[in-house]
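Subject: Structure handover

Hello,

Here is the structure for your files. My notes follow below it.

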Amino acid sequence: MPIDYAARRARIAPALGLTDEILVIGSGHQQPKPEISDSMLPYIAHQEYYYLTGHADAMGGVIAYDPKSGWTSFVPEVTEADRVWEGREQLPGEPLGKFPAWLQARKNRRVVQLGAPVPGTLPDVTRTAEVREAYKHARRPKEPGEIELMRRCAAMTAAGYAAVQPFLKPGVTERRIQVELEAEYFRQGAAKTGYDSIVGTGPNAAVFHGSPSHRAAQEGEFILIDSGAELERYVIDVTRTYVAGKPSQFQRDLHQVVLDAELRAIERCQPGAEWKDIHFGAAVDLIGGLVKMGVMKGDATALVEREAHMLFFPHGIGHMLGLGVRDAGGMEPGRTKDPRPCLRSLRQDLILRPGYIVTIEPGLYLSRRC
């Protein structure tokens, strides 16, 4: 199901709360590599721009909105050299060279600027912050076309995880797992990975964002994989833990505690649910499991109230997912960040609504070899 960007812009505009201000959203420019050369880093259009245009290759592009006249998209003009060297095609819209005149005709009005910085504009900082929060909130519910893309990403990701199963045994390196996993994504049609794949064995499995190395898994060690496929900028985020060889009873029990907490947290994901309640519910479940295993002592709820769960569950239960990993998270409108130390890593403080897509990622991290 293709995404109707014109309909999306029509839906988003009233939610921004603009009156006489004009809105400009920049796509951004390609950045050179740090060494002295003419090589460039891969270009990624700013998410706030891409969401309203679907233009992945509009370097320097601007989409502008005037409540009095509607949306206007200004796109770069493709040169013959662009066609020959990079195969670019002309995007629909007004030539980017017309944007300065559009802006000059509205020179006495406040400017709200989203996306990447747009040359020649002097944005109102306060209104920009307010509109950005309104924009973020308006795009949290996913449209049918977005959900379809994410289902396709999920299928590609599931195929990748299935492909690595024969390799999850003693002697396999983190790099080999990464190669087999990502190769299957691409075979299934993925454009790229949604983020840098995380693969850790043994002590590396307790590193939150560890990069795959050439370390080989030893008998009985945990193998953690955190990865997901990407298609048209939409991503999936999956974390799984395995054991190289035969798991010990302790490992089986630990896995069951996390799995049970995950399933219960998923059940709590209903419209109207508070995200913090889901997070703390998972914390109580995890700590309750550790108490039963004899790893901790006391009442699970009381231990969580004292923030003792941070010893093993220091991260948040999950985050929004969509156009990029951790898409459109943050605060419910009108809320401020909860200052409690145990919530510093919670990515969002939201009321769940229909159309929200979230990850549920409980975990118990033990900073020792296991």
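Which hand does the crossing of α8 and α9 have? The crossing of α8 and α9 is right-handed. (A crossing is left-handed if the near helix is turned anticlockwise from the far one by less than a right angle, and right-handed if clockwise.)

First, the ground rules. This is a predicted model, in which local features need pLDDT of at least 70 and side-chain atom pairs count only at pLDDT 80 or more, while totals for chains, interfaces and linings use all residues. Residues are numbered from 1 along each chain as its sequence is written, and side-chain values use heavy atoms, with hydrogens and water left out.

**Overall**

The chain has ten helices and 15 strands. Both are DSSP runs numbered from the N terminus: helices are H or I with at least four residues, strands are E with at least two. The C-alpha trace spans about 70 × 50 × 40 Å along its principal axes. Of the 370 residues, 50% count as buried. (Buried means under 20% relative accessible area, exposed over 50%, partly exposed in between, with a 1.4 Å probe and protein chains only.) Take contacts between residues at least 6 apart in sequence: 65% of them join residues at least 24 apart. Contact means heavy atoms within 4.5 Å.

**Helix pairs**

Two packed helices are described by the angle between their axes and the distance between the axes. Axes here are lines fitted to C-alpha atoms, for helices over the stretch in contact, and angles run from 0 to 180 degrees between N-to-C directions. Angles under 35 degrees count as roughly parallel, over 145 as roughly antiparallel, 65 to 115 as roughly perpendicular and the rest as oblique.

Back to α8 (residues 249–268) and α9 (residues 275–293). They pack at about 155°, with axes 9 Å apart. α8 and α9 are therefore roughly antiparallel. On the α8 side, the contact residues include Phe250, Leu254 and Arg264. On the α9 side, they include Ile278, Asp285 and Met293. By class, this contact has eleven nonpolar, two polar and four charged residues. (Ala, Val, Leu, Ile, Met, Phe, Trp, Tyr, Cys and Pro count as nonpolar, Asp, Glu, Lys and Arg as charged, and the others, Gly among them, as polar.)

Next, α6 (residues 144–164) and α7 (residues 174–187). Their angle is about 140° and their axes lie 8 Å apart. α6 and α7 are therefore oblique to each other. Their crossing is right-handed. Among the α6 residues that meet α7 are Met156, Gly160 and Val164. Partners in α7 include Ile177, Leu181 and Tyr185. The contact of α6 with α7 has eight nonpolar, two polar and two charged residues.

Then α1 (residues 5–15) and α5 (residues 125–138). Their axes come within 9 Å and cross at roughly 135°. That makes α1 oblique to α5. This crossing is right-handed. Arg11, Ile12 and Ala15 in α1 meet Ala134, Tyr135 and Ala138 in α5. Five of the contact residues are nonpolar, none polar and one charged.

Look at Ala134 in α5. Its relative accessibility is 21%, so Ala134 counts as partly exposed. Setting aside neighbours within four places in sequence, Ala134 is in contact with Ala15 and Leu16.

**Aromatic pairs**

Rings of Phe, Tyr and Trp (its six-membered ring) pair if their centres lie within 6.5 Å; planes under 30 degrees apart count as stacked, over 60 as edge-to-face and the rest as tilted. By this rule there are six aromatic pairs. The rings of Tyr65 and Trp71 have centres 4.6 Å apart and planes at 40°, so the pair is tilted. Tyr65 counts as buried, at 12% relative accessibility. Phe74 and Phe99 make an edge-to-face pair, 5.4 Å centre to centre with 65° between the planes. This pair links distant parts of the chain: Phe74 is in β3 (residues 70–75) and Phe99 in α4 (residues 99–104), 25 residues apart. Phe74 and Phe99 are both buried. Ring pairs link Phe74, Phe99 and Trp102 into a cluster.

**Backbone**

Most residues other than glycine have a negative phi. Glu232 has a positive phi of about 50°. Arg233 has a phi near 75°, also positive. Glu232 lies in the loop between β9 (229–231) and β10 (234–235), and Arg233 is found in the loop between β9 and β10. Glu232 counts as partly exposed, at 44% relative accessibility. Arg233 is buried, at 17%.

Best wishes
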